[in-house]
Amino acid sequence: MECRVLSIQSHVVRGYVGNKSATFPLQVLGFEVDSINSVQFSNHTGYAHWKGQVLTAEELNVLYEGIKLNKVNHYDYILTGYSRDTSFLEMVVDIIQELKKANPSLVYGERRKSISPKNEYVPEDLLPVYRDRVVPLADILTPNQFEAELLTGRKITTEEDAVEVMDLLHQMGPETVVLTSTDLPSKHGDQFLVALGSQKTVKPDGTNATQKICMDIPKVDAVFVGTGDLFAAMLLAWTHHHPRDLKAACERTVSVMHHVIKRTINYANEMAGPGKRPSPAQLELRMVQSKADIENPAIVVEARVLHQSSH
């Protein structure tokens with residue numbers, strides 16, 4: 001069966017972020033991807049200079065109307081990311097609601113981008129829209145610790161806290177929640193980052209199944225852009241291939257990330273030369289070069305099952 005994804009994310013001419021980070025890997029894994037670019041920039045904003053245009057809510061609606069008029073607005077998945085504007089976000093919500101009405105089994109994956117501690121992401125007035133309108137529609141949610149705390153109003157200091165926060169997020173709507181990074185200490189030491197996941201599914205026989213997992217991910221000493229967008233796209237793809245096995249989906253997702261990041265850092269260090277910090281241009285994800293790893297990743301991170309039940 002053909003699987004079609006509508007991806008509403010940012011676009012850059014040079015490099016990999018937003019739609020550029022999500023489209024190629026999804027296509028490689030057999031998905032048809034229809035992209036709407038929420039912004040079109042020359043490059044990501046981590047460079048010294050960037051130029052470009054921002055799509056308005058009205059322009060988004062015009063594009064969607066065109067798809068609708070041709071009766072080709074049937075989607076299996078929706079993926080959204082970067083948004084700085086309340087009216088744009090409200091329009092995205094309206095489109096998702098309409099598409100879910102047309103196809104009740106449509107899966108919506110939301111790549112969280114809230115305000116971060118460094119204020120890098122989205123303005124604070126968007127938080128109520130995300131929390132009250134976007135999250136209830138999402139089937140898959142991939143926040144980091146700070147975003148999860150912001151959405152639930154709870155602090156995470158222990159693994160138990162993290163499990164509680166994931167349960168609160170489930171109550172808000174999504175059946176799959178992955179905390180992509182936390183400040184929790186890893187059993188493997190400070191060179192590892194702890195990620196957690198939780199999935200609630202209904203089996204064909206009507207029973208409810210729950211799976212909670214934890215992963216220790218090797219840290220890399222560099223700032224990458226576009227990795228969160230790649231993570232959300234890969235989680236969407238691998239949960240499609242493993243619909244009731246979050247452990248398998250996360251292991252594949254995290255392993256793809258590991259291979260892409262490793263290839264990127266090795267290339268960047270080589271290009272920068274000994275003792276020099278790589279530039280943003282040198283740290284652009286080595287996406288095309290990672291095609292084989294995206295298609296069939298060697299599993300390098302094993303997930304621990306914290307809890308599994310079915311009732």
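This is a predicted model: local features need pLDDT of at least 70, side-chain atom pairs count only at pLDDT 80 or more; totals for chains, interfaces and linings use all residues.

User: Which residues of α1 are buried, and what covers them?

Analyst: The buried ones are N19, S21, A22, T23, P25, L26 and V28. Their cover includes the strands β1 (4-12), β2 (32-41) and β4, along with α7 and α9 (291-295).

User: What makes the contact between α1 and α7, and how is it classed?

Analyst: From α1 come S21, A22, P25 and L26, which meet D229, L230, A233, M234, L236 and A237 of α7. By class, that contact has eight nonpolar residues, one polar and one charged.

User: What makes a set of residues a nonpolar core, and which residues have the most contacts inside the largest one here?

Analyst: The members must be buried residues of the nonpolar kinds Ala, Val, Leu, Ile, Met, Phe, Trp, Tyr and Cys, joined through side-chain atoms within 4.5 Å. The largest such core has 43 residues, and L26, F31, L79, M215 and M234 have the most contacts inside it. At least two core residues come from each of α1 (19-28), β4 (77-80), β9 (208-218), α7 (227-241) and α8 (246-272). The top contributor is α8, with ten residues. There is also a second, separate core of 42 residues, which includes Y75, I78, L127 and L184.

User: Which residues does M215 touch, leaving out those up to four places away in sequence?

Analyst: M215 touches L193, V194, A195, C250, V254, V301 and A303.

User: How do you know whether V256 is buried or exposed?

Analyst: V256 sits in helix α8. Its relative accessibility is 0%, and the cut-off for buried is under 20%, so V256 counts as buried. Leaving out residues up to four places away in sequence, V256 touches M234, W238, D293, I294 and P297. V256 and L236 are 20 residues apart in sequence and 13 Å apart in space, C-alpha to C-alpha.

User: Why is α2 described as roughly parallel to α3?

Analyst: Helix α2 (residues 57-69) and helix α3 (residues 86-102) cross at roughly 20°, and their axes come within 8 Å. That angle is under 35 degrees, so α2 is roughly parallel to α3. The crossing of α2 and α3 is right-handed. On the α2 side the contact is made by A57, L60, N61, Y64 and K68; α3 brings S87, F88, M91, V92, I95, E98 and L99. The classes are eight nonpolar, two polar and two charged residues.

User: What makes α3 and α4 roughly parallel to each other?

Analyst: α3 and helix α4 (residues 127-134) pack at about 10°, with axes 10 Å apart. With the cut-off at under 35 degrees, α3 and α4 are therefore roughly parallel. Contact residues are T86, L89, E90, V93, D94 and Q97 of α3, and V129, Y130, R133 and V134 of α4. By class, this contact has five nonpolar, two polar and three charged residues.

Conventions:
Residues are numbered from 1 along each chain as its sequence is written. Side-chain values use heavy atoms; hydrogens and water are left out. Buried means under 20% relative accessible area, exposed over 50%, partly exposed in between (1.4 Å probe, protein chains only). Helices (H or I, at least four residues) and strands (E, at least two) are DSSP runs, numbered from the N terminus. Contact means heavy atoms within 4.5 Å. Axes are lines fitted to C-alpha atoms, for helices over the stretch in contact, and angles run from 0 to 180 degrees between N-to-C directions. Angles under 35 degrees count as roughly parallel, over 145 as roughly antiparallel, 65 to 115 as roughly perpendicular and the rest as oblique. A crossing is left-handed if the near helix is turned anticlockwise from the far one by less than a right angle, and right-handed if clockwise. Ala, Val, Leu, Ile, Met, Phe, Trp, Tyr, Cys and Pro count as nonpolar, Asp, Glu, Lys and Arg as charged, and the others, Gly among them, as polar.
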